[in-house]
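Look at the model below. Then read on for a short tour of how its parts meet.

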Amino acid sequence: MRQPPTSMSALEKRSFRNGLLFAMPWIIGFLAFSVYPLCASFYYSFTKFNAVTTPEWIGLSNYEGLLKDPLVLKSLGNTLFMALVSMPVNLCVALMLASIVVRNFRGRAVARTFFFLPSIIPMVAATMVWIWMFDPTYGYINNVLRMIGIRGPNWLIDARYTKWALVLMGSWTTGTTMLVCMAALQDVPVSYYESAQIDGANAVQRFFHITVPCIAHVLVYQAILSFINSFQYFQQVYIIVTANSGTKMGASLGGPQNSIMMYPLYIFHNAFTYLKMGKASAMAWILFVIVALLTVVLTTVSRKVNENAGVE
Amino acid sequence: MARQRQMTAYRTRQLIFRILFAILVVLLCVIFLAPFMVMITTSFKTNRDAFTLPVQLLPREWVFENYPKAFETIPYFRYMANTAFITFFSVLGQLLVTPLVAYSLSKIRWRGSKVISGLIMATMMIPISVTMVPMYRIYSKLHLVNTYIPLILPAYFGKAFYIIIYRQFFTGVPNSLMEAAWIDGANELQRYAYIALPISKPALTTIGIYAFLDAWSDYLMPLIYINKSDRNTLSLGLQQYISEHTVDWSRLMAAATIFVVPVVIVFVIFQRNFVQGIATSGLKA
């Protein structure tokens, strides 16, 4: 601020140059790994080609083909199921774990480690273990269920249960959401609880009238993130489907009756299994538009809600 | 008297609550650890034992042969070396680039930093499904498929999630330190290298761990770009225990255990950095 006004612009210029230089790696990466592929993918969506041939312009045929492909709608439905069922389940599990580890008790750090550990181990290893645990005869889940007198389903074989198996598996890896919720819970002023207790509010009332409103903004944000992420749900189903069919080019690419054919999985198969890269690009662009719209709509709505709620 | 009775009633209720709470915590810990226990105990069972009813958690007979056998079934150490190679150069790239970009966005006042920050957030929602086909095409034209370049190169251009965490850290560092150096005549690069970077060691550690875990566990990128079996990473290699007809679960679990161990060790050592990174950014990896 002590600079005379004339040299301000020189200083500004230098800051601009430095700022740009420091950010340059990311800017180059952004152009090369985001902007270019986005544009190229849009162009490819109007063409027909496999991995080696030159894209040949076919207009809107890819998009018209998608309308006639029942698997597109089916995979979109499966993905929507995961988004709508998995998101609330995971949020509830994460909130429950967070309200446990936010308390002061002996072994708290250990419990937190245990709850979080599943979220960081390699997904392939974890998914393999779950496939083994889901085994209808020799798997642990059905054997534990049998001990309490329940006949467990054929988790990954019976099309009615495959998606629920995925939901169960997903609720095991809610560690990151748990940590975010925990940080939010720690910020709720203790005095709120104390005065509520004096007023005679019980634990359930305190939870719904103090805890939930105070961390609502975090919950909404996490819900949005997890909803959007569901549209990218891919790797676990790919591993399960591949493991079930034995080989990489197995017959059932979407699980039993395509019950776990997720939209991104179908994109992947179109691109790299069927080598229909134009069709895959058209599907991918639809996904991109869906995700972009959802992001804009959901963040705007949640911002409005938070504003209306006022400063609490 | 009435008051005393009330107090004892209160204490009893407290005690019951504490017991129930303890049971809940223990139960949840068991549930969350169960897959790990299944993985480890299965790795010490014979395959016949794993397929014997009634299923028992502990092996009927402890055997260690699954480990050497697991290393024979696939070129395990080769794959581990491949994975380590990719991981090392990915981590290196992220450590070099992330602080640079984060510094530009939080400690240099320039027009455009807000735009860049917004764009960085926006890139997080671009699905990989959209970018993978064009990227694959480029790499295959450059004859870089089945090399590690497609897996390592992006690390040298910064990843949104890491940059956001790092920026968060820098925002918490008072500007006075940099300003003092500026008065002493240090230029931007010197201020970055001698002040900002050394101060941000905790953030650097956090990013390093994230980058390590991400690269070590990565599945999708190797799946797309690697299809020569001697170039495989461990996450691809695990799939090879599953043949067309049978799965040797004992061997597979032994291989998975060795794959998971480094991750668990790193996590337990650096847990605090990890937890802070997520808690402060409010984001998921």
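At what angle do the axes of H5(B) and helix H8 (residues 160-171) of chain B cross? They cross at roughly 135° and come within 9 Å. Axes are lines fitted to C-alpha atoms, for helices over the stretch in contact, and angles run from 0 to 180 degrees between N-to-C directions. H5(B) is therefore oblique to H8(B). Angles under 35 degrees count as roughly parallel, over 145 as roughly antiparallel, 65 to 115 as roughly perpendicular and the rest as oblique. Helices are DSSP runs of H or I with at least four residues, numbered from the N terminus.

On H5(B), B:Ile120, B:Met121 and B:Thr123 make the contact. H8(B) brings B:Ala160, B:Ile163 and B:Ile164. Two residues are in contact if their C-beta atoms, placed from the backbone, lie within 7 Å.

This is a predicted model: local features need pLDDT of at least 70, side-chain atom pairs count only at pLDDT 80 or more, and totals for chains, interfaces and linings use all residues. Residues are numbered from 1 along each chain as its sequence is written, while chains are lettered from A and ligands numbered from 1 in the order in which they are written.

Now the domains, whose bounds come from an automatic or database domain assignment.

| Chain | Domain 1 | Domain 2 | Distance between C-alpha centres |
|---|---|---|---|
| Chain A | 5-44 | 69-309 | 35 Å |
| Chain B | 2-43 | 74-281 | 38 Å |

In chain B, 4 residues of domain 1 are in contact with 6 residues of domain 2.

The chains also meet. 72 residues of chain B are in contact with 74 residues of chain A.

Terms used
Helix = DSSP H or I, 4+ residues; strand = E, 2+ residues; numbered from the N terminus.
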